Amino acid sequence: MKIHHVGYLAKNIAKTEKKFFELGYEVESPTSYDEIRQINIEFLVNGDYRVELIQPMNEQSPMYPLLKRFKNSPYHFCYEVENLEAAVEELSGKGYTVIQEPEIAPCIEGRKVCFLNNISMGIIELVEI
Ligand code: NI
């Protein structure tokens, strides 16, 4: 499966994006606020590589515990799939558990995404292309 992006936790997107710019990244879509998860999200690109910066905006954000645990760091790969339901079913048969049911991601052009976890893999995201 092709990687769509790497999800990267940031305590402060304004500070972290500067460090990515120094390494050759550019803004693909500017920071937007996801009020459901209470996070700011920004997409950066560097050639074929895309990074999603995620900043929990308060301690009530469901993403905040991840930031506490991982600090500034990558924490998921997102893979492109043609059919989200079919891919989820296939991976469920390979030991993955759905940790966030399929939903529309307003920050990825309204595409359907789903998060899964496997004990030997950790968190992955699927996006329907
Ligand atoms: Ni993601």
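Exposed means over 50% relative accessible area, buried means under 20%, and partly exposed is in between. Keep that handy: the model here is a predicted one, and we'll look at its salt bridges, of which the count comes to 6.

**Exercise 1.** Work out whether Glu22 and Lys19 are buried, partly exposed or exposed, and find where the two lie.

Step 1: Glu22 has a relative accessible area of 56%, so Glu22 is exposed.
Step 2: Lys19 comes in at 48%, so Lys19 is partly exposed.
Step 3: Both sit in helix H1 (residues 13-22), 3 residues apart, which is about one turn of the helix.

**Exercise 2.** Find out which parts the pair Arg50 and Glu28 ties together.

Step 1: The closest N and O atoms of Arg50 and Glu28 are 2.8 Å apart, and the two form a salt bridge.
Step 2: Arg50 belongs to strand E4 (residues 49-56) and Glu28 to strand E2 (residues 26-34), so the pair links parts 22 residues apart in sequence.
Step 3: Arg50, at 23% relative accessible area, is partly exposed. Glu28 is partly exposed too, at 39%.

**Exercise 3.** Trace the network that includes Glu85.

Step 1: Glu85 pairs with Lys112 in a salt bridge, with 3.8 Å between the closest N and O atoms.
Step 2: Glu85 is in helix H3 (residues 84-92) and Lys112 in strand E7 (residues 111-118), so this pair ties together parts 27 residues apart in sequence.
Step 3: Through salt bridges that share partners, Glu85, Lys112 and Glu128 join into one network.

Notes. Residues numbered from 1 in each chain as written. Predicted model: local features only at pLDDT ≥ 70, side-chain atom pairs only at ≥ 80, totals over all residues. Heavy atoms only, no water. Salt bridge = Lys/Arg side-chain N within 4 Å of Asp/Glu carboxyl O. Helix = DSSP H or I, 4+ residues; strand = E, 2+ residues; numbered from the N terminus. Buried < 20%, exposed > 50% of the residue type's maximum accessible area, 1.4 Å probe, protein only.
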